[in-house]
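Let's take a walk through a protein together, going from the whole thing down to one spot inside. Have a look at the sequence and the 3D picture before reading on.

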Amino acid sequence: MRSEIKEYEAVALAAEKFVKSVAEGNSEYARTLFTDDAVLFGMLDGTLEHGSIEQFYRNVDSVGAGDNFKARIDVLAVEETVAVVRVLEEGWGGRIDFTDFLLMLKLGGEWKCVAKAYNQNSDTINTAR
């Protein structure tokens, strides 16, 4: 059964914690969104990142978003207790564009993220790290 629009709005509001953390370079907000056992998968500058969401927190806390950072949240699907969110990021760290996919579950009446997978746009990859 398709969820009501208010659930889409609740999912988008939860995903704003992710964007706020990235924009401010402060994982504090995202830590309230992700479950403790959330996982991360993606390629950053050609190197596979996978495992604990702690890697994402370290990235956020060590690299500021940059003055020209922009983000857009798209709630792609909400089905009662599961949701998929796409977050488009431009200019993270002053140079990287990402497409993030957040898999969220409604746990205890609250939307929480259990997994983050991302793509770094190929024209922003720096292999000289």
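What radius of gyration would a compact globule with 129 residues have, and what does the protein have? The rule puts such a globule near 14 Å, and the protein has 14 Å, so the two agree. Keep in mind that this is a predicted model. If you draw a box around the C-alpha atoms along the principal axes, you get roughly 50 × 25 × 25 Å.

You can find 3 helices and 6 strands here, and along the sequence they come in the order α-α-β-β-α-β-β-β-β. Take the contacts between residues at least 6 apart in sequence: 51% of them join residues at least 24 apart.

What about inside and outside? Of the 129 residues, 40% count as buried. The accessible surface is about 7100 Å², and carbon and sulfur atoms make up 51% of that. As for charges, there are 14 positive and 22 negative ones, and their mean positions lie 1 Å apart.

Time to zoom in on Lys-116, which sits in strand S6, residues 110-120. Is Lys-116 buried or exposed? Its relative accessibility is 5%, and buried means under 20%, so Lys-116 counts as buried. Leaving out residues up to four places away in sequence, Lys-116 touches several phenylalanines, including Phe-18, Phe-34 and Phe-41, along with others such as Val-39, Leu-40 and Ile-53. Asp-100 is also among the residues touched, and there the side chains of Lys-116 and Asp-100 make a polar contact at 2.6 Å.

Technical notes:
Residues are numbered from 1 along each chain as its sequence is written. This is a predicted model: local features need pLDDT of at least 70, side-chain atom pairs count only at pLDDT 80 or more; totals for chains, interfaces and linings use all residues. Side-chain values use heavy atoms; hydrogens and water are left out. Helices (H or I, at least four residues) and strands (E, at least two) are DSSP runs, numbered from the N terminus. Buried means under 20% relative accessible area, exposed over 50%, partly exposed in between (1.4 Å probe, protein chains only). A polar contact is a pair of N or O atoms within 3.5 Å; within protein, one must be able to donate a hydrogen and the other to accept it, and residues adjacent in sequence count only if both atoms are side-chain atoms. Contact means heavy atoms within 4.5 Å. The radius of gyration is taken over C-alpha atoms; the globule rule is 2.2 Å times the number of residues to the power 0.38. Accessible areas come from the Shrake-Rupley method with a 1.4 Å probe; for residues, only the protein chains shown count as cover. Lys and Arg count as positive and Asp and Glu as negative; His and the chain ends are not counted. The place of a charge is taken as NZ of Lys, CZ of Arg, CG of Asp or CD of Glu.
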